[in-house]
Amino acid sequence: MANPSLLILAGDGIGPEVMTEVKKIITWFGTKRGVHFDVTEDLVGGCAYDKHGTPLHDDTMARAMQVDAVLLGAVGGPAYDNLDFSVKPERGLLRLRKEMDLFSNLRPAQCFDALADFSSLKKDIISGLDIMIVRELTSGVYFGEPRGIFPDNEGGRVGVNTQRYTTNEIRRVARSAFELAKRRGNKVCSMEKANVMESGILWREEVQWVHDHEYPEVELSHMYADNGAMQLVRWPKQFDVIVTDNLFGDILSDCAAMLTGSLGMLPSASLGAVQANGRPKALYEPVHGSAPDIAGQGKANPIACILSFAMALRYSFDMGDDAARVEKAVETVLANGARTADLMDKDGGTPISTTQMGDAILAA
Ligand code: ATP
Ligand code: MG
């Protein structure tokens, strides 16, 4: 069988710095485990604009469509702030998501024991926390038509967005949530506002349909999203997988993620349709951005990017044991007290560098 293929797009700012640490781990898999990845590296974002005048070259896009998984660092930075909208670095990422049709965005919120005290929340609320938010990523109010700012009939203006979901859009993201739940705690909670929104009513009905017809063995509950936000903060361990729409997912996933610590710790996966080879189209990236304030200083925490690679092992390459091995190494290193600057209390010790953190994880 062909080697698993990976396209690495390190991007801008701290992207290349954190990706360097991931590449060490990829090399480790080749030399120590005999798992060889067929890796291509290319440009995305501001660096691609500098070279090609576009944030994503067509050849790069074509390669992304061919590989088993794309691993992305971060895009953007102050140097590109004044570019025309059509060539802004973020457009490169949006094009990838759109053309790969990545409709299911997975954001875990997982608490590493060593950091349970670091969070400002009570330890018993977050220790051992391991939940996953599945956010619909390609439809809903961020894309619905009509949209725009129009004159109203009182001499003012009206801003319009349209929340819109089809049966197919809801069912496919629901399936991805149920599939995930089967590999985890076997429990899905679907969140919408069926009490006040038509799209919420359809959402609830279609998620229930997928459950009843295809995944009756998975436990399903429904919750209004406002109550969901409250429950997430009050007692997040009641959840396993949460599935929700684009807008609510945007908010709820940020909220859930920050239960557990720094932006520098948070991975994500964006998945599309399952292809003929049984693998979903997939893009993995840390939740954080290019962090221009610390770029080039060796301060960035590489853990979010390393955990994103672990998600690739699990969801694209069926290497769940190896994913767990990487996650365990991160846990061990944190338990031993290794901290990049973003993980330090105001009063605490000397932080280690990006490279030192990567090397420690590799050693573990
Ligand atoms: P974007 O618009 O790309 O999301 P942003 O400005 O919203 O970017 P980030 O670039 O993620 O957000 O940076 C937000 C803050 O978090 C910055 O102060 C940055 O230094 C910090 N930060 C982000 N990622 C990391 C990391 N991996 N390690 C340490 N600090 C980080
Ligand atoms: Mg941001």
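Author: Helices (DSSP runs of H or I, at least four residues) and strands (runs of E, at least two) are numbered from the N terminus. Asp 226 falls in helix α8, residues 225–234. Residues are numbered from 1 along each chain as written, and chains are lettered from A and ligands numbered from 1 in the order written. The model is predicted: local features need pLDDT of at least 70, side-chain atom pairs count only at pLDDT 80 or more, and totals for chains, interfaces and linings use all residues.

Reader: Where does UniProt place the feature "binding site"?

Author: UniProt positions follow the numbering used here, feature names are shortened, and annotations may be inferred rather than shown by experiment. The unreviewed entry lists Arg 97, Arg 107, Arg 135 and Asp 226. They span 130 residues of sequence and lie up to 27.7 Å apart between C-alpha atoms.

Reader: Is Arg 135 buried or exposed?

Author: Burial is a count of other C-beta atoms, placed from the backbone, within 10 Å of the residue's own: 20 or more is buried, 12 or fewer exposed, in between partly exposed. Arg 135 has 26, so Arg 135 is buried. Asp 226 has 13 and is therefore partly exposed.

Reader: Which residues does Arg 135 touch?

Author: Contact requires C-beta atoms, placed from the backbone, within 7 Å. Leaving out residues up to four places away in sequence, the contacts of Arg 135 include Arg 107, Asn 105 and Asp 250. Arg 135 itself sits in strand β5, residues 130–136.

Reader: Where is Gly 46?

Author: Gly 46 is in helix α2, residues 46–52. Gly 46 is buried because 27 other C-beta atoms lie within 10 Å.

Note on methods:
Two residues are in contact if their C-beta atoms, placed from the backbone, lie within 7 Å.
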